[in-house]
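Work through the exercises below with the sequence and the 3D structure open. Try each task before reading its solution.

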Amino acid sequence: MSVLTAEQVRIHPGGASRDDALQEATDILVAAGAVTPAYVDAMRQREETVSTYMGNGLAIPHGTNEAKDAILASALSVVRYDGGVDWDGEQARFVIGIAGVGDEHLDILSRIAILFSEEDDVARLAAAATPDELFALLSEVNEG
């Protein structure tokens with residue numbers, strides 16, 4: 001199951017607001033045919049109840065359980081903001097939007113968590129010069 005393609009990976013030299021980051025994550029997932037545009041509202045609702053900032057510069061926004069009808073297919077969006085995103089007082093550098101059909105998001109989440117648990121891996125992801133290079137480093141999230 002390929003949840004990530006090179007078109008779903010972006011790098012920005014600057015920063016963004018959390019709201020803009022959520023919108024971009026949704027826009028990428030919409031373009032991939034994974035969610036409807038309403039999914040961004042479910043992401044915002046999730047942030048109101050619990051922050052999706054995970055540490056190590058990673059935020060993993062995803063919709064609430066009530067948003068299942070907005071999800072058409074499992075997919076990821078990956079955006080690296082080199083200027084950072086203020087995520088409830090934390091500095092997120094990687095924003096990985098997640099859409100999962102059924103329970104597929106749990107498997108996807110565990111693979112992302114493993115990738116970002118190693119500081120060396122995070123440093124490699126942060127050093128990737130192009131979206132294609134970043135995509136290549138992230139390709140293991142597609143294995144399953």
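**Exercise 1.** Find the handedness of the crossing of H1 and H2, and describe how the two helices meet.

Solution.
1. The crossing of H1 and H2 is right-handed; a crossing is right-handed if the near helix is turned clockwise from the far one by less than a right angle, and left-handed if anticlockwise. Helices (H or I, at least four residues) and strands (E, at least two) are DSSP runs, numbered from the N terminus.
2. The model is predicted: local features need pLDDT of at least 70 and side-chain atom pairs pLDDT 80 or more, while totals for chains, interfaces and linings use all residues. Residues are numbered from 1 along each chain as its sequence is written, and side-chain values use heavy atoms, without hydrogens and water.
3. The angle between H1 and H2 is about 140°, and their axes are 9 Å apart. Axes are lines fitted to C-alpha atoms, for helices over the stretch in contact, and angles run from 0 to 180 degrees between N-to-C directions.
4. H1 and H2 are therefore oblique to each other. Under 35 degrees counts as roughly parallel, over 145 as roughly antiparallel, 65 to 115 as roughly perpendicular, and the rest as oblique.

**Exercise 2.** Which residues of helix H2 are buried, and what do they pack against?

Solution.
1. In H2 (residues 39-49), the buried residues are Tyr39, Val40, Ala42, Met43, Arg46 and Glu47. Buried means under 20% relative accessible area, exposed over 50%, and partly exposed in between (1.4 Å probe, protein chains only).
2. Down the axis of H2, these residues fall within an arc of 160°, so they line one face of the helix. The arc is that of the directions from the helix axis to the C-beta atoms.
3. Glu48 and Thr49 are exposed, on the face of H2 turned away from its buried side.
4. The packing partners of the buried residues are helix H1 (18-31), strand E4 (75-87) and strand E5 (90-99). Contact means heavy atoms within 4.5 Å.

**Exercise 3.** What is the angle between helix H4 and helix H5, and which residues meet?

Solution.
1. H4 (residues 119-127) and H5 (residues 131-138) pack at about 155°, with axes 8 Å apart.
2. That angle makes H4 roughly antiparallel to H5.
3. From H4, Arg124, Leu125 and Ala127 meet Glu133, Leu134, Leu137 and Leu138 of H5.

**Exercise 4.** Where does Asp88 lie, and what is its phi?

Solution.
1. Asp88 is in the loop between E4 and E5.
2. Its phi is near 55°, a positive value in a residue other than glycine. Most residues other than glycine have a negative phi.
3. Asp88 is partly exposed, at a relative accessible area of 47%.
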